[in-house]
Amino acid sequence: MSSPTRLQVLYFFVFLMAANWCSAETQSDKIKLYFGIAEGNYLIRDLSGAELALNQILRTDSQHIPSLRLLTRIQLEQGQSQTAFETTQKLLLIDPDSPEDQLLHALVLGNLDRRKEGIQILNSLIERLPKDSKHYAAVTQMLGLFQMAESNWDAAAETFYQRYQSLGNKVENLELATEAYTEKAKTALAQNDADAALKAIKQAIALYANSSGTVALNRRRELRIMQAQIHVQAGNTNQAID
């Protein structure tokens, strides 16, 4: 049997390269198809169907970041926080500096009642993210919510105020900071500490000191009504009228 000519060998290698390219293109198309199915199932709340499609992708490409991110969210919604934690660990091995994946990891830690670890991650992100970055508002919102869950009302209000500033000082975005102070007031009232409750409401009112418009006016009015109610409960009727 004669040996293959150089031209036959060249044709053989060209055929292999073409086959590999077609295989890669087919693989990419399959991933796009399955990810579209996963997203569609997720939107109609078929979480099991979405998870099946994502697992099909990850069998082909174990480092497909969009699939790992969506899988984490599905696992959280299914109450599988520990499994979600393991999935975010995979994401962080791929790109340890990704703000989106660190934010997702912090969310998982919160679901595992490991908020202090989540707060450390979020504080680190705030230190290095520009205030106009697309992740900054989400990071400050999550951090503030974690701080509220830890009953750290003043820190939460300050964090939410940073978020308000990063979003262009729109008065609507003061709502979370206001909520932190009003929750602080409710906690103080539950402990029969009217003075601390009044101080918290005063802090909330101060948020709107330089704000104008209907939203700010209505919010100040609501807070002053709360302030008057606390005075009445404390027996300070004259101050309530003032």
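The model is predicted, so local features need pLDDT of at least 70, side-chain atom pairs count only at pLDDT 80 or more, and totals for chains, interfaces and linings use all residues. Residues are numbered from 1 along each chain as its sequence is written, and side-chain values use heavy atoms, with hydrogens and water left out.

**The whole chain**

Begin by selecting the protein chain, which has 12 helices and 0 strands. Helices here are DSSP runs of H or I with at least four residues, strands are runs of E with at least two, and both are numbered from the N terminus. Of the 242 residues, 39% count as buried (under 20% relative accessible area, with a 1.4 Å probe and protein chains only). The chain exposes about 14,500 Å², of which carbon and sulfur atoms supply 52%; this area comes from the Shrake-Rupley method with a 1.4 Å probe.

**Helix α2**

Next, select residues 47-60, the 14 residues of helix α2. From first C-alpha to last, α2 reaches 20 Å, close to the 20 Å expected at 1.5 Å a residue; the expected span is 1.5 Å times one less than the number of residues. Colour the buried residues of α2, among them Leu47, Ala50, Leu54 and Leu58.

**Helices α7 and α8**

Now select residues 136-149 (α7) and 153-166 (α8) together. Two packed helices are described by the angle between their axes and the distance between the axes. The axes of α7 and α8 come within 8 Å and cross at roughly 165°. That makes α7 roughly antiparallel to α8 (an angle over 145 degrees). Axes are lines fitted to C-alpha atoms over the stretch in contact, with angles from 0 to 180 degrees between N-to-C directions. Show the side chains where the helices meet: the α7 residues include Tyr136, Leu143 and Met148, and the α8 residues include Trp153, Phe160 and Arg163.

**Histidine 105**

Finally, select histidine 105, in helix α5 (residues 99-111). Is histidine 105 buried or exposed? Histidine 105 is buried, with a relative accessible area of 8%. Leaving aside neighbours within four places in sequence, histidine 105 is in contact with Phe85, Thr88, Gln89, Leu92 and Ile121 (contact means heavy atoms within 4.5 Å).

Terms used. Buried means under 20% relative accessible area, exposed over 50%, partly exposed in between (1.4 Å probe, protein chains only). Angles under 35 degrees count as roughly parallel, over 145 as roughly antiparallel, 65 to 115 as roughly perpendicular and the rest as oblique.
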